[in-house]
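Please keep the sequence and the three-dimensional view side by side while reading, and look for each part as the paragraphs below come to it.

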Amino acid sequence: MAAESRRFRDPEEVSSELETAREIKEGFASRGLVGERAPGYFIRTFGCQQNEADSERLAGLCEAMGYSPVPVPEAAKLILVNTCAIREHAEKKALSIIGSFKHVKDADPDVVIGVGGCMAAEEHRANTLKMSYPYVDFVFEPASAYSLPSLVKDAARGRRRFVRESGDAIAEGIPTVRESSHSVWLSVMYGCNNFCSYCIVPYVRGRERSRRPDDIIEEAKRLVDGGAKNITLLGQNVNSYGKDSDGCCDIAELMRRICRIDGDFELRFMTSHPKDASDELIDAIAEEPKIVKHFHLPVQSGSDRILKLMNRHYDRERYLSVVDKLRARVPDVTLTSDIIVGFPGEEEEDFLDTLDLMRRVRYDMIFSFIYSPRVGTPAAKMEPRVPREVSAERMERLLALGTELSEERNSRFVGRTLRVLADGVSRTDPGMMTGRGSPARPVHFPGGEELTGKFVNVKIKSAGAFWVGGEIE
Ligand code: SF4
């Protein structure tokens, strides 16, 4: 029970924040600032799906305080930046955007500006924000997002706050405004215990904390009742869901239980760690029709020596054995992966091992990144660094192979009919829809807005490296 209470924030703390939100809203209402006159909020989100899901909770809190969404920061009274710390580039971009909001505050000193997310949880970045961005009213780490109402209330009274030590307990019961009603994120756990040597996540998002299965299933039911057709379970390492709580179910059982919910929907999950990819999870993917036959299994490198330096806790053999099991149980599975190029000490031979592993696995798609040192991680101190031009040249070769494999894999769909969830009208071609098929593929087909959020059967007629195309049957 003690561990359980440490894992979860006291519901009274959350209620008190929601009460503060209500007071703020009433304050706006008493000045007639409701409906079209309601003050605006603007959220800029960087980074991964976890951050997008966090921003949906921030939006829920903004609306509980009486703010309404606006499309541009200049129209907002509350501006939030939800940052990412995964790469130097993402941090620099966030700092530049935060810098650009100074003119909004100069024009209207009543505007409140807050910075959250992973970068905000890094001590050196929080200090930079404190010292060099005096117009930022508050900075909060991801686990403190629930306290947004009191941060806003203090900012309105002229009190700057920098929240970095509030613990990492899960706050249940936060209102959420989702970007889409048909395709939704559902966070099942937070944090990571793995300490991969290049990754900042365990330092900024804390240790693994799993939500209670009943809370997740209740939320999933509400989402399905509200029209959700695609639910993606989120966690930094969803495969270890439940390991931090005695008697809790694992990810395979959780997914099977969600699949029992009545309704026509599909279930996805991300992200997985190969060391925790269990036979039970593979069985669930094979047996449950609602689970999309897609496994994102980040390998990061094909070299045993580099995997050890990365502290990944598996080697090529173990990784390939998971892939073999998966392909044996789910022959049509779509397999995607993340790969880091130019990790410290990576030699040409190590890189060739990565290309070799890619050929062995024949990935449907890879997401590749040039190594970016993160202050505070062990890899940031590792030598020798791979020169930038060497990493760039390796990246070109890796992308060329990745594209070749994707084209080859996608060609297997030509002539087949895929069940596709129509996501929306293409941004570049208004006569075309984009959607996701099962097995997961971006699918393009002629259609209009009225199809958004519906399942359609698409006969695939063409395939490229990054999509397949066809027509509704
Ligand atoms: S598994 Fe490794 S790479 Fe993934 S979030 Fe955890 S520490 Fe980072």
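The protein is assigned three domains, namely domain 1 (10-163), domain 2 (183-411) and domain 3 (414-472), with bounds that come from an automatic or database domain assignment. Taken over C-alpha atoms, the centres of domain 1 and domain 3 are separated by 36 Å. This is a predicted model, in which local features need pLDDT of at least 70 and side-chain atom pairs count only at pLDDT 80 or more, while totals for chains, interfaces and linings use all residues. Residues are numbered from 1 along each chain as its sequence is written, and side-chain values use heavy atoms, with hydrogens and water left out.

The ligand is surrounded by C192, N194, F195, C196, Y198, C199, V201, P202, Q236, H273 and R312, where a residue counts as near a molecule if one of its heavy atoms lies within 4 Å of it. This shell divides into seven nonpolar, three polar and one charged residue; Ala, Val, Leu, Ile, Met, Phe, Trp, Tyr, Cys and Pro count as nonpolar, Asp, Glu, Lys and Arg as charged, and the others, Gly among them, as polar.

We turn now to a sheet. Three strands, in the order β12-β13-β14, form an open sheet with parallel pairing; strands here are DSSP runs (E, at least two residues), as helices are (H or I, at least four), numbered from the N terminus, and two strands pair if DSSP finds at least two bridges between them. The edge strands, each pairing on one side only, are β12 (294-296) and β14 (365-370). Three bridges join β12 to β13 (residues 334-341), and H296 stands opposite T336 in β13.

Next come two helices. The axes of α14 (residues 348-361) and α15 (residues 388-410) come within 10 Å and cross at roughly 10°, the axes being lines fitted to C-alpha atoms over the stretch in contact, with angles running from 0 to 180 degrees between N-to-C directions. Therefore α14 is roughly parallel to α15, a description used for angles under 35 degrees. Among the residues that meet are F351, L352 and L355 in α14 and L398, L401 and L405 in α15, contact meaning heavy atoms within 4.5 Å. The residues of this contact divide into seven nonpolar, two polar and four charged.

Finally, strand β19 (residues 468-472) runs parallel to β17 (residues 442-446), joined by two bridges, and H444 has G469 as its bridge partner in β19. By contrast, β18 (residues 455-463) and β19 run antiparallel, joined by five bridges, with K459 opposite E471. A hairpin is formed by β18 and β19, with four residues between them.

Technical notes
Parallel < 35°, antiparallel > 145°, perpendicular 65-115°, else oblique.
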